[in-house]
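Subject: Structure for you to look at

Hello,

Here is the structure I said I would pass on. Please open it and keep it beside this message while you read.

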Amino acid sequence: MSQIIKVGMADLNICVSPDGITTLGLGSCVGIAVRDPVTKIGGLAHIMLPDSKEIKNNSNVPKFADTGIEELVRQVVAKGANKSRLVAKIAGGAQMFAFNSGNATMRVGERNVAATIKKLKELNIPILAQDTGDSYGRTVIFYPENGDFIIRAVGKPEKTI
Amino acid sequence: MSEMSLDNMSSQYFDVLKELGNIGAGNATTALAQMLNTKVDMSVPQVKLLDFKDVGDLMGGAEQIMTGIYLRVEGDIDGSIMFLLGMKAARHLVNMLMGGSDKDENEAFDETELSAIKEVGNIITGAYLNSLSMITSLKLLPSVPFLAIDMAGAILSVPAIEFGMMGDKILLIETSFFDTETLSGYFILLPDMEGYAKILQSLGMGDITIS
């Protein structure tokens, strides 16, 4: 029996085929799914903030794009994934309220996406697909079996990237 | 001088914030009753300090569709205030404001109804901030209201991220209003950490720094 593993806000977990892994209601946060297509080992992180170095109280590793992605990769590799084969898909980073403000706090979705892309690039993990930005929430489900990343939003058809 | 953060807040400070929440929610209820021109009762507000991962569950799951009204606050403290309402409650309020229309909760809001719900949020949060401002003598200036109707988790990511800059917990106040139906609403007041210190100091809670 396969099951669906849940990942909360500022949280991450790993997942082995045939199981799937999900996180509900991503807003300005970003969901990062990684997978080794050979061993079919994957994982999902739900990060809230771009940079652990900007904040004094930064012990919660999965909360930040930089430390969260590093930890996600460490855990999937520890489970048996090959780091050089890892590929990623990302979603989220919306701006939930329609401010046209220069305030950095308000544009945190955008900054989360930028920090995620930067970190994955630094780790040489290619991004195969992304569904980011805009102004609506997303629920994502990831299957390491085939790499399907299913995205659900309110009032929109479900899509797979 | 003592240090504090939301994660290790003493029960004394927590009680003060709780009491502010009670008073604010009480004022908001009065404003709501005046607006609807009806009697509105309120249960004792529940003040909750939650881990991020548990926030969605409180409102019936992270995918529960909610109406969120969000205002920036400037003045003596920088921050924001959010008021969240379930769709059933939002629909009920709008129907009452629109002179007793009987649309059900699955019907989408039209433009007029969207501005009505924004105005409800504006009045409720305004009443809340006014009471806080009176008690603390701090100047609190709200922005115009912004509205989002989406999954609870997605809406809550906005205040959660603001809390996330200072700790790993989120402080929110759950209030139930009753007229003919029970309407659950949630207030989330988000001063920055300096703001919390200013609020507590203005109430004579001593000289504290907050990390």
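Below is what was found in it, taken chain by chain and then at the contact between the chains.

Please keep in mind that this is a predicted model.

**The sheet around β4 of chain A**

One open sheet of chain A has five strands in the order β2-β5-β4-β6-β7, and its pairing is mixed. Its edge strands are β2 (residues 11-16) and β7 (residues 127-132), each of which pairs on one side only. From one strand to the next, the twist averages 10°.

Start with β4(A), which covers residues 30-36. How many of its residues are buried? Seven of its seven residues are, and the strand is mostly covered. Both faces are involved. On one side the buried residues are A:Val30, A:Ile32, A:Val34 and A:Asp36; on the other they are A:Gly31, A:Ala33 and A:Arg35. To judge this for yourself, count a residue as buried if 20 or more other C-beta atoms lie within 10 Å of its own.

β4(A) is joined to two strands that can be followed in turn, β5(A) and β6(A). A:Lys89 of β6(A) is the bridge partner of A:Ala33.

β5(A) also pairs with β2(A), in the antiparallel sense and over six bridges.

Helix α2(A), residues 108-122, lies across β4, β5, β6 and β7 of chain A and runs at about 20° to β4(A).

**The other sheet of chain A**

Chain A has another open sheet of five strands, in the order β1-β3-β8-β9-β10, also with mixed pairing. The edge strands are β1 (residues 4-6) and β10 (residues 156-160), each pairing on one side only. Neighbouring strands here are turned by 20° against each other on average, direction ignored. β9(A), residues 149-153, and β10(A) pair in the antiparallel sense over three bridges. Within this pairing, A:Ile151 has A:Lys159 of β10(A) as its bridge partner.

**A:Tyr136**

A:Tyr136 sits in the loop between β7 and β8 of chain A. It has 19 other C-beta atoms within 10 Å and is therefore partly exposed. Leaving aside neighbours within four places in sequence, A:Tyr136 is in contact with A:Ala94, A:Ala153, A:Val154 and, in chain B, B:Asp150. From A:Gly43, A:Tyr136 is 93 residues away in sequence and 24 Å away in space, C-alpha to C-alpha.

**Two helices of chain B**

Helix α1(B), residues 11-36, and helix α4(B), residues 111-136, pack at an angle of about 135°, with their axes 8 Å apart. The two helices are therefore oblique to each other. Their crossing is right-handed. Residues making the contact include B:Leu20, B:Ile23 and B:Gly24 of α1(B), and B:Ile123, B:Ile124 and B:Ala127 of α4(B). By class, the contact has 13 nonpolar residues, five polar and no charged.

**Where the chains touch**

How many residues does the contact between the chains take from each? It takes 28 from chain B and 28 from chain A. On the side of chain B that touches chain A, α2 (52-58), β4 (65-75), β7 (146-151) and α5 (152-164) of chain B each supply at least two residues. The largest share, 10 residues, comes from α5(B). That side of chain B has 16 nonpolar, seven polar and five charged residues.

Regards

Conventions:
Residues are numbered from 1 along each chain as its sequence is written. Chains are lettered from A and ligands numbered from 1 in the order in which they are written. This is a predicted model: local features need pLDDT of at least 70, side-chain atom pairs count only at pLDDT 80 or more; totals for chains, interfaces and linings use all residues. A residue is buried if 20 or more other C-beta atoms lie within 10 Å of its own, exposed if 12 or fewer, and partly exposed in between; C-beta atoms are placed from the backbone. Helices (H or I, at least four residues) and strands (E, at least two) are DSSP runs, numbered from the N terminus. Two strands pair if DSSP finds at least two bridges between them. Two residues are in contact if their C-beta atoms, placed from the backbone, lie within 7 Å. Ala, Val, Leu, Ile, Met, Phe, Trp, Tyr, Cys and Pro count as nonpolar, Asp, Glu, Lys and Arg as charged, and the others, Gly among them, as polar. Axes are lines fitted to C-alpha atoms, for helices over the stretch in contact, and angles run from 0 to 180 degrees between N-to-C directions. Angles under 35 degrees count as roughly parallel, over 145 as roughly antiparallel, 65 to 115 as roughly perpendicular and the rest as oblique. A crossing is left-handed if the near helix is turned anticlockwise from the far one by less than a right angle, and right-handed if clockwise.
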